[in-house]
Each structure stands twice: as structure tokens, then as C-alpha cells.
Amino acid sequence: MNRFNKNIFMHPRLSGVIFSAALFLFYGVPGFAYAQSLPEQDEINNSAVFTLATGRPGSTHAQVGEILCNVYNRQRDPNSPLCRSIYSPGGHQQLADMLSNKVHMAIIQSDVVAAAYMGKKQFKTNDQLRVLLPLHDQVMAAVIKDSAANSRFDITSMLSKRVTITDSIRDGRFTLRRLFATMGPSYINENNIVEMTPADQAQAICDDRFDIGFMILGHPNGAIQQGIHDCELKLVPFDFPKLRAVVESSRYLNMGKIPKDTYTGQMAIISAPSVAALLVTTDRFNHETGLAFINILRDNQSILRRLHRSLVDLDLNRRPTLVRHMKLFGQD
Amino acid sequence: MTTNGLWTESFCNQEEVIDAVTGGVIGVVIDPITNRRRRRKENQRQLNSYDVVSAKITGELLYDSAGIWSGGILQKSGQEIEYEQIQ
């Protein structure tokens, strides 16, 4: 416990310094590197702490991870381990860190988790992965510039469009490449797709260097909101019969929606394919701690729904639909 | 309201605040602890107490009768820190 003496606390100059220190302590500093946030091996081995790998600083995954740990920590048994959320560049890195015991849990896209579990694409089979809880949908955003020329934007063919998608570090790239490969060359020329960070995508569309950008993110997303503010970007529904048929035949996609008013000026619900954000671990994680974590979160669902817009529809009692073939935590 | 508004008791009426560091929106769930208004032994001052949960700050906030932040018991990464004015 720290105790501040009133003479210092109430000092007209020092109080500002102390308050700034408090802000630093409680609101954190964004942008510190992933390497700095990874715990030391001693800490991993210390059963007093377990680590939850999330996303990049400021991302939906990072915010949701902090919320989950905070809600758990305030109600945990004092003798139970603390939860500590850490930043991570993406699902592939999180999986690697979890499978090599550098972290205990992670928030990862369902299709990436499923591919890793089944040993598909670039993954070896990792059947020790377990799903703890489904968290929220990650709906594809198709973003264009809101201009007269785009008043009747044709989403049903990308052949004559300049297309950008999220870059290779992000899990969205994995999903979008997979979807566009399934849609085939009659829909899009995959060789013409350019990969960028979401912020660069938004700027490139604002600058008329690209016609459309596809992203898979938790919503609301800062890059999209910034683009809406800077150059009147707008979301368009990514929903037409051929795409819907692909989604319905897919094991890794659902049709999802971005609720109206998620972004400034968004007057209607946006329909688009989606994946899910899952809380995952391995079968090595301590069962007692894992079940206590799940139970505390389930008991606090009404609070969780109020703490982040992506958690508004949270239902921790449902079974995750996109990874039916995977084992849940506690199933051996 | 931004997170800097923590200084005043009106902060406790918010459901979302703007993070003064990142500019992002933070959801907050703040409920008054009505059944145990605090009375500090040191000075017998009556303080209003609120339970707060968010992505960035969790714990208990205390405000004096003028609605000014008087301290709190806050958690960061599960570590508890108490802020207290001492007369």
C-alpha cells in the first residue's frame, strides 16, 4: 500500500505531478513494444500470475483482454493467480507463444484457431488447443470513399477495382485471402490485391489510390473512424448471393452485422461475413484456475456488456458455433 | 468527459469516458456503495464511495462532501494501491 502525505498531495505544484503519475499508472502508456510486454520466464513459471495475450495497443482485443483480467482480478479468491493481459502483434504469434509456454491464454480469431487445431494451411496440428469462451464477432468491413462516383458502388465484382486488404501480420489477412481464393478469379484477381495496415488502408482510400479496403476487426475501429472523420469514408454492405453461398458452405465463416451507429453517420446495419474472437488456452493450463476464470466472467456478463461496445451482445453460455469440432476447456 | 474528470464526483455518472492518453473511448461501470458511506477514523470526514470497473481502472473511488476526489483503493494488474489524504 502506498500512502501519500497530505502536505505533498495537496501541494499546488506537486499535486499535479502526483496526479500525472496516477494517470500514468492507471491509464497506461500505449505503444510499448511487444517484446517489452512479454513476461519473463520466471513470471510464467510463477503460479501467482497467468498471462493473457491480446492484441496491439489500443485494439479491441487489447481492450477486451484488459477488461477480462480486471473483472476476474477484482473477484478472484486472494489465493488464486492474478490475470495479466499483455499486448501481442497477432494470432499467429499468440499461438506460437502459447504453445511454447510463454503465455497461458490468448484472444484469437476463430478461423486461425481452427486452422491451427486441425493443422491446416501453414500450421502443424495443435490438438492441445482448447476454447475457453466465445467473446465477440469480428465482422469484415468493406470501406469506400463516400463520393458521387461511389453512390452505386458494385460490390459483386472486384475485377476492375483497386483493392487493399489488411497486412500479413494481422489475422484478417489470413481470412480475407482464404475467402477471396474461394470466391475465385471471376470475382477478384488475387495478384492485384495490396496489403497494408488498417490506418494506411484508410489513408490510401482517402487519397483515391484504392477503390475499396477490406478489413477484419473488432468494431468500432480507430482507423475506420479516423477515415470517416478525415475524408468521409463509409462502410458498404458486403453481402450478395454468391458471397452468401460461399459463407453458408464454409465451416469458418458466418454472416454477421455491424450495428447501426457503431460509426459516425452509419445510419443502417451493415451485413458482412464474420469470424469470432475466441478466448483460448491449451490443455496444459491449470483446470481449477481456468474454471474459476470462466465462472467469474460468466457471473459478470452484465458488467462486461457495458464495458466495451464489442461486448454488447456477449453470451458466455453459448457454445462457439464456428469451431464445433474443437474441444472446449475441461474436455480431455 | 475525459478520464481526467476523475477529480470530480460527476465522473461517477458516466457510462463512457474518453481516455486522455489515447483518445479512445472507455466503457466504465460505476456504482455507488450506498450502504457503507465511509467515515475515516483519522478525521471523521464523511466520504462518498463508488465501485468502479473499466479496462483501465478498477476498485473504489472516494469523494468528499464537495464532490472532490479524496482517494481510493485501485487495482492495476491485480496489484492494489491505496491513495489517501492524511490530515
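The turns below take up a helix of chain A and then a set of strands in chain B.

Mentor: Please keep in mind that this is a predicted model.

Trainee: What angle do the axes of helices α5 and α12 of chain A make where they cross, and what does one call such an arrangement?

Mentor: The axes of α5(A), residues 60–75, and α12(A), residues 287–299, come within 9 Å and cross at roughly 100°. Angles of 65 to 115 degrees count as roughly perpendicular, and the two helices are therefore roughly perpendicular to each other.

Trainee: How many nonpolar, polar and charged residues has the contact of α5(A) with α12(A)?

Mentor: From α5(A) the contact takes A:Leu68, A:Val71, A:Tyr72 and A:Gln75, while α12(A) supplies A:Phe293, A:Ile296 and A:Leu297. Sorted by class, these residues come to six nonpolar, one polar and no charged.

Trainee: Is α5(A) mostly covered or mostly uncovered, and how many of its residues are buried?

Mentor: A residue is buried if 20 or more other C-beta atoms lie within 10 Å of its own, and by that criterion 41% of the 332 residues of chain A are buried. Helix α5(A) is mostly covered, the number of buried residues being 14 of its 16.

Trainee: In chain B, which residue of β5(B) is the bridge partner of B:Val53?

Mentor: Strand β4(B), residues 46–54, pairs with β2(B), residues 25–32, in the antiparallel sense over five bridges. The pairing of β4(B) with β5(B), residues 58–63, is also antiparallel, over six bridges, and a hairpin of three residues joins these two strands. Within β5(B), the bridge partner of B:Val53 is B:Thr58.

Methods
Residues numbered from 1 in each chain as written. Chains lettered and ligands numbered in written order. Predicted model: local features only at pLDDT ≥ 70, side-chain atom pairs only at ≥ 80, totals over all residues. Axes fitted to C-alpha atoms, helices over the stretch in contact; angles between N-to-C directions. Helix = DSSP H or I, 4+ residues; strand = E, 2+ residues; numbered from the N terminus. Parallel < 35°, antiparallel > 145°, perpendicular 65-115°, else oblique. Contact = placed C-beta atoms within 7 Å. Nonpolar A, V, L, I, M, F, W, Y, C, P; charged D, E, K, R; others polar. Buried ≥ 20, exposed ≤ 12 C-beta atoms within 10 Å, placed from the backbone. Pairing = 2+ DSSP bridges.
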